[in-house]
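These are my notes for your first reading of the model. Please keep the structure open beside them and look up each residue as you go.

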Amino acid sequence: MKKFDISMLTVAILVTGLAVLGFYQSWAKGNDPVLVTAGDTSITQNQLYSEMKKTYGKSMIHELVAEALIKQEAKAQNVAVTQEDMNKEIDSMKQQVGSPEAFQNYLKSMGMTEAQLRNKLSVLMTRDKLLDKAFPVTEEQIKTYYDTNKEQLGSPAPEFDKVKDQIKMMLTDQNRSQNYGTWLNTLQEKHKVEWHDPSFDDASVPGEAQIPAP
């Protein structure tokens with residue numbers, strides 16, 4: 001089962017939340033409230049948003065675009081993450097951190113709820129399902145990898161059937177990583193993404209700049 005980087009998810013959730021919240025609060029109130037006073041200097045909400053935009057804005061807007069494209073493509077292809085799939089992934093993550101209690105404490109320490117985590121995981125798992133459908137690992141690829149690398153798999157070399165699933169998982173991760181950027185650019189063209197703020201546009205968007213790369 002694919003292991004996700006919890007810390008990366010946390011950063012993505014928190015930064016996106018702060019940026020969006022800051023912008024809309026300021027826009028809705030029609031003013032620029034002071035957040036901090038340091039001596040004779042005031043730091044306002046718009047100043048915070050402007051700095052966050054410069055530092056995180058491009059990667060965050062591309063992440064939001066990627067999420068939107070993944071959801072639209074999943075709907076078009078009738079691809080969905082089941083509740084059973086999600087529960088299995090959450091259970092795996094709980095095992096990684098040690099126990100259900102440790103998992104909840106970790107989420108609490110990061111100011112993150114399980115619902116937020118599930119929403120983010122849903123996008124990541126949907127992305128992987130779409131990529132696996134677009135770039136499936138074939139039996140021929142698995143056998144070719146085994147024949148080429150079996151001496152590196154152990155001594156004596158394990159039987160093919162005993163390592164077949166392991167090889168398939170490795171090749172699946174490789175397919176996702178290698179094809180993600182091109183695939184996402186294809187979705188941008190298919191769903192006609194328009195950048196109304198030129199500073200956010202990037203003709204060659206790297207996978208790392210959006211949804212955490214597979």
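1. The side chains of Arg 176 and Asp 128 meet in a salt bridge, with 3.3 Å from N to O; the term stands for a side-chain nitrogen of Lys or Arg within 4 Å of a carboxyl oxygen of Asp or Glu. Arg 176 lies in helix α7 and Asp 128 in helix α5 (residues 114-134), so the pair ties together parts that are 48 residues apart in sequence. Helices here are DSSP runs of H or I with at least four residues, and strands are runs of E with at least two, numbered from the N terminus.

2. Before reading further, please note that this is a predicted model, in which local features need pLDDT of at least 70 and side-chain atom pairs count only at pLDDT 80 or more, whereas totals for chains, interfaces and linings use all residues. Residues are numbered from 1 along each chain as its sequence is written, and side-chain values use heavy atoms, with hydrogens and water left out.

3. Are the two partners of the first point buried or exposed? Arg 176 is buried at a relative accessible area of 10%, and Asp 128 is buried at 4%, where buried means under 20% relative accessible area, exposed over 50%, and partly exposed in between (1.4 Å probe, protein chains only). Asp 128 also forms a salt bridge with Arg 127, their closest N and O atoms being 2.9 Å apart, and Arg 127 is buried as well. A network of salt bridges links Arg 127, Asp 128, Asp 132, Asp 173 and Arg 176.

4. The whole structure holds 13 salt bridges, and one of them joins Glu 73 to Lys 190, with the closest N and O atoms 3.0 Å apart. Because Glu 73 lies in helix α2 (residues 45-77) and Lys 190 in helix α7 (residues 160-190), this pair ties together parts that are 117 residues apart in sequence. Glu 73 is buried, with a relative accessible area of 4%, whereas Lys 190 is partly exposed, at 48%.

5. Please also look at the strands, where four bridges join β1 to strand β2 (residues 41-44) in an antiparallel arrangement; two strands count as paired if DSSP finds at least two bridges between them. Thr 37 has Ser 42 in β2 as its bridge partner. In the hairpin of β1 and β2, which has two residues between the strands, Gly 39 takes a positive phi near 65 degrees. Leu 35 lies in β1, which covers residues 34-38, and is partly exposed, with a relative accessible area of 42%.
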